Amino acid sequence: NLLLPFLDTYQIGRDQDVYMAKTDIRLNNANQLVLRFNQQNFTGNNNENGGPLSVEEHWGNSVAKTTTFSGSLISTLSPTIINEFRFQFGRDREPGEANSDVTEARIQTGGGFLQLGRNNFSPRETTIKRVQLIDVVSLTHGAHSFKFGADFNFDRVFNFFPGLFSGQYTFNSYALFAANTPASFTQNFARAGTSGGTTHPDLNEFGVFIQDDWR
């Protein structure tokens, strides 16, 4: 039987490690510095594809590695003025891996498609690099408590999604699969003037605000 080598059992699971560090530093009587570091490593073993009719080579690991370094500096500029500066540097990398480099094949079983080879959207990746800067000034004057500030956020995004770029064969029965007679073959190609499966949906956000609490 041509399919026996593909029908072994395999494991599906999730592993995650999280690391965090924080420190508070009193620079002087007027300045307090807080720093935080966070690292999260996640692996979804054979999580890249769903369904009971997918063999192991049709799956792949879903990976997420997130690193964040953030902090704040709180400065007492006078008895009535406090400034808080916050920052964040982060990276979130989420590749989807593939267990095979063989072109995907789907075989009609009568109860759905048995799926062999590499699934048609892997390997893939989405990675976001972020820089965020926030500054807020608090000012007390008589019955008024003013706050004003700005929030700047910059995301640099790498997205790679090769949907059907590696092709897909469809067979209408086991017998036609054994006879190497597909009913169809589907494959996507990058159009001229495009970047194919790669995009960069970068984001720049700028915000300002002013607030007055009057009591």
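Is Gln132 buried or exposed? Hi everyone, that is where I'd like to start today, and please keep in mind that we are looking at a predicted model.

Gln132 sits in strand S7, which covers residues 124-141. Its relative accessibility is 16%, and because buried means under 20%, Gln132 counts as buried.

So what surrounds Gln132? If we set aside the neighbours within four places in sequence, Gln132 is in contact with Arg86, Phe87 and Gln88, and also with Asp151, Phe152 and Asn153. With one of these, Asp151, there is a side-chain to side-chain polar contact of 3.3 Å.

Let me pick up Arg86 from that list, as it brings us to the salt bridges. The structure holds 4 of them, and I'll walk you through some.

Arg86 pairs with Glu84, with an N to O distance of 3.6 Å between the side chains. Arg86 is partly exposed at 33% relative accessible area, and Glu84 is partly exposed too, at 26%.

Next, back to strand S7. Arg93 and Glu125 form a salt bridge through their side chains, at 3.4 Å from N to O. This pair links distant parts of the chain: Arg93 belongs to strand S4, residues 81-96, while Glu125 belongs to strand S7, and they are 32 residues apart. For Arg93 the relative accessible area is 28%, so this residue is partly exposed; Glu125 has 18% and is buried.

Strand S7 has another one for us. Glu48 makes a salt bridge with Arg124, and their closest N and O atoms are 2.8 Å apart. Glu48 lies in the loop between strand S2 (31-45) and strand S3 (62-78), and Arg124 lies in strand S7, so the pair ties together parts that are 76 residues apart in sequence.

In what order do the strands of the open 4-stranded sheet come? The order is S6-S5-S9-S10, and the pairing is mixed. At the edges are strand S6 (113-116) and strand S10 (184-186), each of which pairs on one side only. From one strand to the next, the twist averages 20 degrees.

Zooming in on one pair there, strand S5 (residues 104-108) and S6 run antiparallel and are joined by 4 bridges.

Technical notes
Residues numbered from 1 in each chain as written. Predicted model: local features only at pLDDT ≥ 70, side-chain atom pairs only at ≥ 80, totals over all residues. Heavy atoms only, no water. Helix = DSSP H or I, 4+ residues; strand = E, 2+ residues; numbered from the N terminus. Buried < 20%, exposed > 50% of the residue type's maximum accessible area, 1.4 Å probe, protein only. Polar contact = N/O pair within 3.5 Å; in protein donor to acceptor, adjacent residues only side chain to side chain. Contact = heavy atoms within 4.5 Å. Pairing = 2+ DSSP bridges. Axes fitted to C-alpha atoms, helices over the stretch in contact; angles between N-to-C directions.
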